[in-house]
Amino acid sequence: MNESDFNPEPGVAEDLGGGVRRVLAPNPSPMTYRGTNTYLLGARQVAVIDPGPESEAHLAAILGALGPGQQVTHVIVTHSHVDHSPLAARLARETGARVLGFGPSGSGRSAVMRELAAQGLEEAGEGIDPGFAPDVELADGEMVTGEDWSLTALWTPGHLGNHLCLAMGDMVFTGDLVMGWASSLVSPPDGDLTDFMASCRRLRDRGAEVFHSGHGAPITAPMSRLDWLIAHREGREASILKALEAGAADTATLTAAIYTDVAPQMWPAAERNVLAHLIDLYGKNRVEPVGPLSQHATFRLV
């Protein structure tokens, strides 16, 4: 998508059809595109999905989008990155709603990621909201309902361990698992590529007519987008394995060799993606670290 194709005015509620409205948060950046999409569902009992960053202007915009007789009854967070969850507690206090999500920050990590975190591997990506903890924890497959809407929580770890997608009819709110403007960052220990690929394939098997993501325009060909995303990751994996044929290498060396299409200022994020691939390949017994598994390890083919 060309960037000029999606450029809504921040703070303005836009009707997307199907009982869904979108309010764009005023937090554009290289990691968030035009900003975070906040979604409002319901004619009277309103669910707010991903209230966004701590922002007085965005809080006012969400509250200002409520019409006569409308009340926010549910605040639902797809995952606890700082561009999605910090405003949740404040919005809940203002409206009397409860905050729903999979679990607090750090929940949902795989065993290997828990071990790496215990060894000192820190998050380095979009920023974790460390204090996030939902009032209500949603299990995989659990339903949340209002008068005229019903959502099914789908635990879809990968971009973050506590990531949820939310299905409503033939649409899915995909958070940052699937976005239309870029591939998702997968940054260990909170991002896990093995889980990410499984979550993408789960959505692919489930099917949908439209994805409403955390950033960018509605994805109206969601299965094609998933096919591209899966193929993109498989292509990166193949590039890493090819580069390792020349000998053992660390993440920085592999990033410089592989991410020739990415601006150097984005290489730190790219390095985290490479690390995620290496950990995934280690789990599949395709590569091994020279010494202990860590972000600084040199890897070689098995």
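In what order do the 7 strands of the open sheet lie, and what is the sense of their pairing? The order is E1-E2-E3-E4-E5-E6-E7, and the pairing is mixed. The model is predicted, so to speak, from end to end: local features need pLDDT of at least 70, side-chain atom pairs count only at pLDDT 80 or more, and totals for chains, interfaces and linings use all residues. Residues are numbered from 1 along each chain as its sequence is written, and side-chain values use heavy atoms, with hydrogens and water left out.

Helices (H or I, at least four residues) and strands (E, at least two) are DSSP runs, numbered from the N terminus. Two strands count as paired if DSSP finds at least two bridges between them. In general, the strands of a sheet pair through backbone hydrogen bonds, either parallel or antiparallel. In the seven-strand sheet, the edges are strand E1 (14-17) and strand E7 (136-137), each of which pairs on one side only. E1 is joined to strand E2 (residues 20-24) by 3 bridges in the antiparallel sense. Asp 15 has Arg 21 of E2 as its bridge partner, and Gly 17 stands opposite Val 20 in E2. E1 and E2 form a hairpin with 2 residues between them. Gly 18, in the turn, has a positive phi of about 70°.

Helix H2 (residues 87-95) lies across strand E4 (45-49), strand E5 (71-76) and strand E6 (98-101). Contact here means heavy atoms within 4.5 Å. Axes are lines fitted to C-alpha atoms, for helices over the stretch in contact, and angles run from 0 to 180 degrees between N-to-C directions. On this scale, H2 runs at about 155° to E5.

The place of Thr 36 is in the loop between E2 and strand E3 (37-41). Thr 36 counts as buried, with a relative accessibility of 0%; buried means under 20% relative accessible area, exposed over 50%, and partly exposed in between (1.4 Å probe, protein chains only). Leaving aside neighbours within four places in sequence, Thr 36 is in contact with Val 23, Leu 24, Ala 25, Asn 27, Gly 52, Pro 53, Asp 83, His 84, Gly 214 and His 215. Between Thr 36 and Arg 22 there are 9.8 Å in space, C-alpha to C-alpha, and the two are 14 residues apart in sequence.

Another open sheet has 5 strands in the order E8-E9-E10-E11-E12, again with mixed pairing. Strand E8 (143-145) and E12 are the edge strands, each pairing on one side only. Neighbouring strands of this sheet are turned by 25° against each other on average, direction ignored. Strand E10 (residues 164-168) and strand E11 (residues 171-175) run antiparallel and are joined by 3 bridges, with Met 171 in E11 as the bridge partner of Met 168. Helix H4 packs on the sheet, touching strand E9 (150-155), E10, E11 and E12, and its direction makes about 140° with that of E9.

His 212 lies in strand E12 (residues 210-213). At 4% relative accessibility, His 212 counts as buried. Not counting residues up to four places away in sequence, His 212 touches Leu 16, Val 20, Tyr 39, Met 171, Val 172, Phe 173, Thr 174, Gly 175 and Pro 218.

Attention now turns to helix H7. H7 has 17 residues and reaches 24 Å from its first C-alpha to its last, close to the 24 Å expected at 1.5 Å a residue; the expected span is 1.5 Å times one less than the number of residues. Of the 17 residues of H7, 12 are buried, so H7 is largely enclosed by the rest of the structure. Among them are Ala 269, Arg 272, Asn 273, Ala 276, His 277 and Asp 280. The buried residues of H7 pack against helix H3 (111-118), helix H4 (193-206), H5, H6, strand E13 (287-289) and strand E14 (299-301). H7 is followed by Asn 285, whose phi is positive, near 60°.

Helix H6 (residues 251-258) packs against helix H7 (residues 267-283) at an angle of about 110°, with their axes 9 Å apart. H6 is therefore roughly perpendicular to H7; angles under 35 degrees count as roughly parallel, over 145 as roughly antiparallel, 65 to 115 as roughly perpendicular and the rest as oblique. The contact includes Leu 254 of H6, and Trp 267 and Leu 275 of H7.

The axes of helix H5 (residues 222-244) and H7 come within 10 Å and cross at roughly 80°. H5 and H7 are therefore also roughly perpendicular to each other. Arg 233, Arg 236, Glu 237, Ile 240, Leu 241 and Leu 244 in H5 meet Asn 273, Val 274, His 277, Leu 278, Asp 280 and Leu 281 in H7.
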